[in-house]
Amino acid sequence: MLDLLIHPILDNGWISFDVPSLIQNFWSATFDGLTFGAIYGLVAVGYTLVYGVLNLINFAHSEVFIMGCYGVVLVLTTLGFGPNAPTLPLWLIVLDLLLALLVAMLVAAATAYIVERVAYRPLRKRNASRLAFLITAIGASFAIQYSIFIIRGGNPEPAVTMFVPVPVFDVFGTIVNSQQIVIVIASLVTMILVDQFIRTSRTGRGIRAVAQNPDVATLMGVDKQKIIVTTFLIGGAVAGVGSLFYVMLIPSGVLYTGGFILGIKAFAAAVLGGIGNVRGALLGGFLLGLIGNYGQILLGNSQWTDVVAFVVLVLVLLIKPEGILGTSLGRSRA
C-alpha cells in the first residue's frame, strides 16, 4: 500500500532526492538559510515574549511585522529609493537606512500596542478563555490585513533596492556578500541586546517575574499591566528590525498578506527553539531557514521548502515537545 502511494510521487518528479545537487549547493543553501533564518528569529521574538508572559499566541504578530515593512517602503520611497540602487555616498545610505529602521520599529511597536490595547486588554479584564484570545488574535490579524488593503490596495509595493550587495569572501567557491553579512550580524546583535535587556535590566526582571508567577510578581510590586505593554512593544520593535532586513532581501515582497506565511514560519521557529525562550527564537529561526533550504534542493522543488520545515518541526515536537532549548522565559537566569 505504501509503495502505491510513494511510487507515483517519485515517478511524476514531485520528489527527486537529488543528493548530488545538495552537496554541490550546500554552502550557498547554508548562507541563504542563515540569512532568512535571522529574519524568522527576529519575528519569532514577539511570539515567544507574549507567550512567555501571557501563555497566549499572538497570531496578529505577523501583521505587526508587515506594518513595519510598509513603514520601511514608505520612508525609502519618500527618500528617493526605487528599483535600482541609489547613487549616493555610503554614509548617506546608512543614515537613510537607520531612519527607515527607526520608523519601522516605531510603526511595528505602535501596531503591537494597538493590538494589545484593543484586542487583548478588554478580554483580560473579563478573564476570558484562551479560545477567546485565539479567535480575537485571528480577527485582529484579518482586520489589519484588510485595513492595509483598503489604504494601499492589493498590489505589492514598488521594489525598493537599498544597495548592491558586494562579494566579501569565498567559502569553497560560494560567495558570501555584504547583504548576507549585514543581516546575520545585525540580527545577532539585536537578539543579544534583547536577551541582555531581559536578563539584566529592572524591566527585564519584571518580565521574567510576571512570566514565572504573575500573582506573586504583583504582590512584590511589579506593575503587571505595564510589563505586558512593554512586552508587546519590545516584540513589535524587534519585528520592525526584521522588517528592514526583509525588504532588504526581498525588495518587491511587501504585500498586505505578505506577513502571513513568514509569521507562521516565525511562530514555528519560536516553537522549534522553545517558545518562551528568547535565545530559542534565534536558534529556531536559523534551523528553520537551513532545513527549508536544504529540503528544497534535496527534493528538487522550491515548493517543498515550507513542507520540509514543518515536517521537521512536528518530528521535533514529538520527541521534545518543549522545543530544543525548552527553558521558559520565567526561568531564565540573569
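Contact here means heavy atoms within 4.5 Å. The model examined is predicted.

Neighbours within four places in sequence are left aside; threonine 111 is then in contact with Val64, Met67 and Ile144. The relative accessible area of threonine 111 is 9%. Buried means under 20%, so threonine 111 is buried.

Alanine 29 is found in helix 3, residues 26–54. Its relative accessibility is 3%, and alanine 29 therefore counts as buried. With neighbours within four places in sequence again left aside, alanine 29 is in contact with Asn293, Tyr294 and Ile297. Alanine 29 and isoleucine 297 are 268 residues apart along the chain. Their C-alpha atoms, however, are separated by 8.2 Å.

Helix pairs come next. Two packed helices are described by the angle between their axes and the distance between the axes. Helix 7 (residues 178–200) packs with helix 10 (residues 224–249) at an angle of about 175°. Their axes are 10 Å apart. Angles over 145 degrees count as roughly antiparallel, so helix 7 and helix 10 are roughly antiparallel to each other. On the helix 7 side, the residues that meet helix 10 are Gln179, Val182, Ile183, Ala186, Ser187, Thr190, Val194 and Phe197. Helix 10 contributes Ile234, Val238, Val241, Phe245, Met248 and Leu249. By class, this contact has eleven nonpolar and three polar residues, and no charged residues.

Helix 11 (residues 259–273) and helix 13 (residues 305–319) form another packed pair. The angle is about 25°, and the axes are 10 Å apart. Angles under 35 degrees count as roughly parallel, so helix 11 and helix 13 are roughly parallel to each other. The crossing of helix 11 past helix 13 is left-handed. Ile261, Ile264, Lys265, Ala268, Val271 and Leu272 make the contact from helix 11. From helix 13 come Thr305, Asp306, Phe310, Leu313, Val316 and Leu317. Nine residues in this contact are nonpolar, one is polar and two are charged.

Strands were also examined. Strand 1 (residues 167–171) and strand 2 (residues 174–177) run antiparallel and are joined by four bridges. Valine 171 has threonine 174 in strand 2 as its bridge partner. The two strands form a hairpin, with two residues between them. Phenylalanine 172, in the turn, has a positive phi of about 50°.

Note on methods. Residues numbered from 1 in each chain as written. Predicted model: local features only at pLDDT ≥ 70, side-chain atom pairs only at ≥ 80, totals over all residues. Heavy atoms only, no water. Axes fitted to C-alpha atoms, helices over the stretch in contact; angles between N-to-C directions. Parallel < 35°, antiparallel > 145°, perpendicular 65-115°, else oblique. Nonpolar A, V, L, I, M, F, W, Y, C, P; charged D, E, K, R; others polar. Pairing = 2+ DSSP bridges. Buried < 20%, exposed > 50% of the residue type's maximum accessible area, 1.4 Å probe, protein only. Left-handed = near helix turned anticlockwise from the far one by under 90°.
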